[in-house]
Amino acid sequence: MATKSVALITMSLRPARIGANVAAFVQPIFQKAFSAGNVDLAPVDLRDFNLPIFNENVVPAMVPAFAQFEHEHSRAWSAEIAKHDGYVIVIPEYNYGLAGGTKNAIDYLLNEWKGKPLVVVSYGAHGGSKASEQAKDILGGLGLRIAETRPQLAFADPHGEMAGILAEGKVADASRAKWEGQTDQIIKAAEELKELLLQPNDPANAPTA
Ligand SMILES: Cc1cc2nc3c(=O)[nH]c(=O)nc-3n(C[C@H](O)[C@H](O)[C@H](O)COP(=O)(O)O)c2cc1C
């Protein structure tokens, strides 16, 4: 098959976020799984797009066929997402659900990724299971094809580690060791994404041209 591009997107935005370290942890695992399958992995950082709370007048469902975004930040985010064939999103859990920044970034998009496959990788005190579930429901509802395996990376000692996590975005050795034990699950998610990339898109989910 022609080479496909998968974006590995760091979604958290805190200055001392741990999200970039979580993405750096999973990146080589996805990279290795993709290397045999003509799939390129492209790191993308939501922070680079400086998205304000959704401030477009148009409904993203109408872009690009019937309307255009007014703001440069929306056009840049839209263009970045549109250029990939699949996605791995790395998301934190805030307050028993999806972080506001993640939901806001999703609200800017539809046709850019509708029908394309996506893996959800979450992290949090208990692996971010609620955020993962919400991401699956929201993005699945938008017509993306969500890989069944959703790796959830929990901190080994959430209470003991939280000060370092919040102030420095630091992954404790014990957490890293715990996540290394989930390597097979991350590989499984990567294999599912590769499989989904090969399957034709459901015409009912085709982006509005
Ligand atoms: C506002 C806020 C709310 C949080 N709520 C939860 C939560 O509900 N469940 C959880 O597992 N962790 C929660 N945490 C802890 C985060 O999982 C942890 O701080 C993680 O590092 C956040 O990701 P980030 O560093 O990439 O922003 C919360 C952290 C913040 C800052």
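Strand E3 contributes the most to the shell around the ligand, supplying three residues. The model described here is a predicted one. Strand E3 covers residues 86–94, and together with helix H5, residues 158–168, it belongs to the elements that each supply at least two residues of this shell. There are 17 residues around the ligand, and those that come nearest are Ser12, Gly19, Pro92, Gly124 and Ala125.

Helix H1, residues 19–35, packs with helix H7, residues 183–198, at an angle of about 50 degrees, and their axes lie 9 Å apart. Angles from 65 to 115 degrees would count as roughly perpendicular and those under 35 as roughly parallel; H1 and H7 are therefore oblique to each other. Their crossing is right-handed. On the side of H1, the contact is made by Val26, Ile29, Phe30, Ala33 and Phe34, while H7 brings Thr183, Ile186, Ile187, Ala190, Glu191 and Lys194. The residues of this contact comprise eight nonpolar, one polar and two charged.

The remaining point of interest is a single residue. Alanine 147 is placed in the loop between strand E6 (145–146) and strand E7 (152–154). Because 24 other C-beta atoms lie within 10 Å, alanine 147 is buried. Apart from its neighbours within four places in sequence, alanine 147 is in contact with Pro117, Leu118, Val119, Ala189, Glu192, Leu193 and Leu196. Glycine 164 is 17 residues away from alanine 147 along the chain, and 32 Å separate the C-alpha atoms of the two.

How values were computed:
Residues numbered from 1 in each chain as written. Predicted model: local features only at pLDDT ≥ 70, side-chain atom pairs only at ≥ 80, totals over all residues. Near = placed C-beta within 6 Å. Helix = DSSP H or I, 4+ residues; strand = E, 2+ residues; numbered from the N terminus. Axes fitted to C-alpha atoms, helices over the stretch in contact; angles between N-to-C directions. Parallel < 35°, antiparallel > 145°, perpendicular 65-115°, else oblique. Left-handed = near helix turned anticlockwise from the far one by under 90°. Contact = placed C-beta atoms within 7 Å. Nonpolar A, V, L, I, M, F, W, Y, C, P; charged D, E, K, R; others polar. Buried ≥ 20, exposed ≤ 12 C-beta atoms within 10 Å, placed from the backbone.
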